[in-house]
Amino acid sequence: MTFYSPWSLLFLLTVPAIIALYLLKQRHREHTVSSLYLWQEVLKDMEVRSPWQKLKRNILMLLQIAATILLSLALSRPFLDTPFGKAGNVIVVMDTSMSMQASDVAPSRLEAAKRQAAGLISDLPPGTLVTLISMGGSAVIEENLSSDRSRVLDRLKGLKATYGTADREDAASLIQSMVKQYPGTQVVLFGDEALDSPGIDVKFSKLSGNGANYAVTLLSHTRSKNGISVLSRIANFSPAEEVLPVSLYADGRVFDAKNVRVKPRETVNVYWDSIPENSRQLECSIDRKDSLDADNTAWDAVNPVKSARVMLVSEKNVFIEKAAALVNSIQLFKTDFPGADNLKGYDLYIFDGYLPEKLPSDGNIMIFNPPANSLFTVSGEVELPHVEKSRHELLAYVNDYSFVVGRMKKMAVPRWAETVLNSREGPVIFAGSPDNRRIAVFGFDLHNTDMALKPVFPIMMTNFFEWLIPSEVKNIESLYPGQSIDFNLNPKAEEARVITPGGESVPVAPPFPAVAFTRTEGIGQYLLEQKTPEGKSYHYFSVNAPSERESNLASDGAASPAGAQAAVSAGNVADSGFSLQSILLCLVLLLLLIEWWVYSYGF
Amino acid sequence: MSELFDSEFLKKLQRLVINSRIVLSEGMGGNRKSRSKGSSVEFSDYREYAASDDFRRVDWNAYGRFEKLYIKLFMEEREAPVHVFLDTSKSMDWGEPNKSVASRRLAAVLSYISLSNYDTVSLTSIGSRMEESKASLRGKNSFKEVLDFLEKMEYGGPTDLYAAVRDSGLKSGRGISILISDLFSQGSLEDAVKYLQFRKQEVFLCHMLAPQEVNPEINASLRLVDIETGEYRDITATSRLVKAYKNVYHKFIASTEAMCRRRGVNYIKMETTMDLDQMIKMVVR
């Protein structure tokens, strides 16, 4: 047994004080009797002379001393040594994913989990080092190897459920590395889904009430002749068939409402047509109270399609023309070398084997087979370079490196750029952003390689066009809370900021280039505002709840990773360590009751 | 009408007297017959037979002559003087229900019964010595005086039974003495009884106790204060103490009873919770 606050045992000094108080003449309540005639006889028999003898039979005093001792022990927080007692280190993992917001466990899964975890942490033996990890969109170490119980509890109290999906792999790898460092560390997970961490015994306290939940799992749009058509998917995660009232809002106004019949554990596609062309924000929501509110609404942003103006400066290059034709939003203009000076007003310039003396002041630039220039060093040519495989994101989905480059320029990669494709002889492709503009340089002529004849070419070109033609926001369809997002800001933008659904204004740039935007923890419509000399431009994007992973509150439906721990009840976890304090306090209460009884009814 | 003797009490009194007529003549009366043997059969009067009369006293000769039932009345039992000694020490003015109330009501009833039976009644209040007395009241009309006397009675001080009885100026001659007391007294009870018997009295000892004296209601630490003397004793109530008190109490009762038996005294233990009827029945049994 260990005492958490042994100094409280000093309260035991009050025991002699109690005895001393009893030794002093006790205060007697006056009670008139008709005669002492009989009492004198009684007391003659029972006369006690020593004060100690008087104490011997005083049950009230004995009860009080017992209560004092127990109270002192309770204050010193005695703790029974248990398996946890020898652990030394305990990792408490709190699932803070969106499903923990569910109210099917009162008041919410996370609050219940916090309560359980607080109980567990309070009961841990003194000296135990507690690590608190929150498992939201990423695993975050809230408190590392702390012996300060109140600090850990404060941190625990401050945890909030996110809208994200629990990053189980991240958490598992974090736990594994910690356990590796401190063998014997106990791991307890409070959440609604087990954690697969091979080789580590993760005690799992499951919080799930199998609550009924409905969700809008998808909202997307297409443009058609009749305006915008919208597809929404309504999922029913409850065990009963439901008719759900679903509304579609366009720019904050109700556009239409439907009653949708959804069978249990099924998803229904709901189509909405003829939505006005100029609508910018779409919102679809289920107007029915359920266990999890966050996924009852989904958002979609409709941004005007702007076709990019691309200027191709080339003697003749059918490959580039064909590749550019594959991208819908490109409007291609062509000119030959003599007309290439003083170009202006294009989003992208493609220079094929030529560079003007003075580069255009606006737009991004793609350069093939560069001549000597002031932007970077070109020194001679290389024959048949040995191209190496690349993992650069501009070559995403490019898997076939069997193409051959016959001849290429020998180039030095400038400071502002990084190599996209390399060869033993030097860089083949590099790209970078000098002064808020993007430049990609291909060291070869497309006529000197068979690459243009292979499937990899259109893939690669699409990647480069996506990067070079600013579409402002990438991946808008699949943005989930916690994901980061790269903005392709307008090259002319002087200032850019994002207005979150909560109305908060988050500056994105300057400085340029803009760093990835990571403040996507809330769900709803976000607005990117860019200030250019011509005025402000707006671009909407939406962050939706990760309903595929988090909306199914039924525990059987949750995809448990293979080999997951069998569910351990909270009781089992709590059993592993508890203080004797509450038991002692109960005993004190019992003693007080006995004392009251003795006092009231005599002995 | 006073609180002590309210209408309820007076109604009860009437009923008690009717009921006790037989009891008196068979109980107390039986003891007094020997007072004057010669006159005990002295004819006094005739009266028509009424229900509940002893049919052995029907005059059959008169019946033969008039075909009506007559009862012969005799004089001999109607002269006995009854002395009621009432303890008026402070200890008697205690308890719930109060001993003073119960004892005075008992004295009133006994006086009324005696007066109804043409006995002379003397009332004496006794404390540390004889306090006050009302002597030789006769006839029902005197009952008002009895009530007045009892109502004005004041309680205070300790008791000395022997001194009080000795000072009462009791005349020699046969009679009945009824002593109503809680017996928490200084002087010897036995001496008082001896004195009364020396004065040729048939002694009735009505031992009046409050329920709190039988079963003391005590708990925790107490300072017991004697209501008469102001003396005190500190006690800490334990079940052992209560048990010891009960032992002493039972011994006290037993020794008093034994003394009474030895001296031929009618000992009647009463508790203030008892009904008046019950008390009377215990006296005149």
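Mentor: Start with a term: two residues are in contact if their C-beta atoms, placed from the backbone, lie within 7 Å. Residues are numbered from 1 along each chain as its sequence is written, chains are lettered from A and ligands numbered from 1 in the order in which they are written. The model is predicted, so local features need pLDDT of at least 70 and side-chain atom pairs count only at pLDDT 80 or more, while totals for chains, interfaces and linings use all residues.

Strands (E, at least two residues) and helices (H or I, at least four) are DSSP runs, numbered from the N terminus. B:Leu86 has 27 C-beta neighbours inside 10 Å, so it counts as buried. The cut-offs are 20 or more other C-beta atoms within 10 Å for buried, 12 or fewer for exposed, and partly exposed in between, with C-beta atoms placed from the backbone.

Now look at the partners of B:Leu86. Leave aside neighbours within four places in sequence. What remains in contact with B:Leu86 is B:Ser103, B:Arg104, B:Ala107, B:Leu123, B:Thr124, B:Ser125, B:Ile126 and B:Ile180.

Follow the chain from β3 (81–87) towards α4 of chain B. The loop between them holds B:Pro97. A cis peptide bond joins B:Glu96 to B:Pro97, with omega at about -5°.

Then comes the helix itself. α4(B) covers residues 99–116, and α5(B) covers residues 143–151. The two pack at an angle of about 165°, with axes 10 Å apart. Axes are lines fitted to C-alpha atoms, for helices over the stretch in contact, and angles run from 0 to 180 degrees between N-to-C directions. α4(B) and α5(B) are therefore roughly antiparallel. Under 35 degrees counts as roughly parallel, over 145 as roughly antiparallel, 65 to 115 as roughly perpendicular, and the rest as oblique.

Which residues meet? From α4(B) come B:Arg104, B:Ala107, B:Ala108, B:Ser111, B:Tyr112 and B:Leu115; from α5(B) come B:Phe143, B:Val146, B:Leu147 and B:Leu150. By class, this contact has eight nonpolar residues, one polar and one charged. Nonpolar means Ala, Val, Leu, Ile, Met, Phe, Trp, Tyr, Cys and Pro; charged means Asp, Glu, Lys and Arg; the others, Gly among them, are polar. Note that B:Arg104 and B:Ala107 are also contacts of B:Leu86.

Helix α1(A), residues 14–23, packs with helix α4(A), residues 59–75, at about 165°, and the axes are 9 Å apart. They are therefore roughly antiparallel, and the crossing is right-handed. A:Thr14, A:Val15, A:Ile18 and A:Tyr22 in α1(A) meet A:Met61, A:Gln64, A:Ile65, A:Thr68 and A:Ile69 in α4(A). That contact divides into six nonpolar residues, three polar and no charged ones.

Chain A as a whole has twelve helices and 30 strands. Of its 603 residues, 38% are buried. Two of its loop residues have a positive phi without being glycine. A:Asp251 is at about 50°, between β11 (242–250) and β12 (253–262). A:Arg265 is at about 55°, between β12 and β13 (266–275). A:Asp251 has 14 C-beta neighbours inside 10 Å and so counts as partly exposed. A:Arg265 has 13 and so is partly exposed.

Last, where do the chains meet? On chain B, 33 residues are in contact with 25 residues of chain A. On the chain B side, β8 (221–226), β9 (232–236) and α9 (239–263) each give two or more residues. α9(B) gives the largest share, eight residues. That side holds 18 nonpolar, seven polar and eight charged residues.

Terms used: Left-handed = near helix turned anticlockwise from the far one by under 90°.
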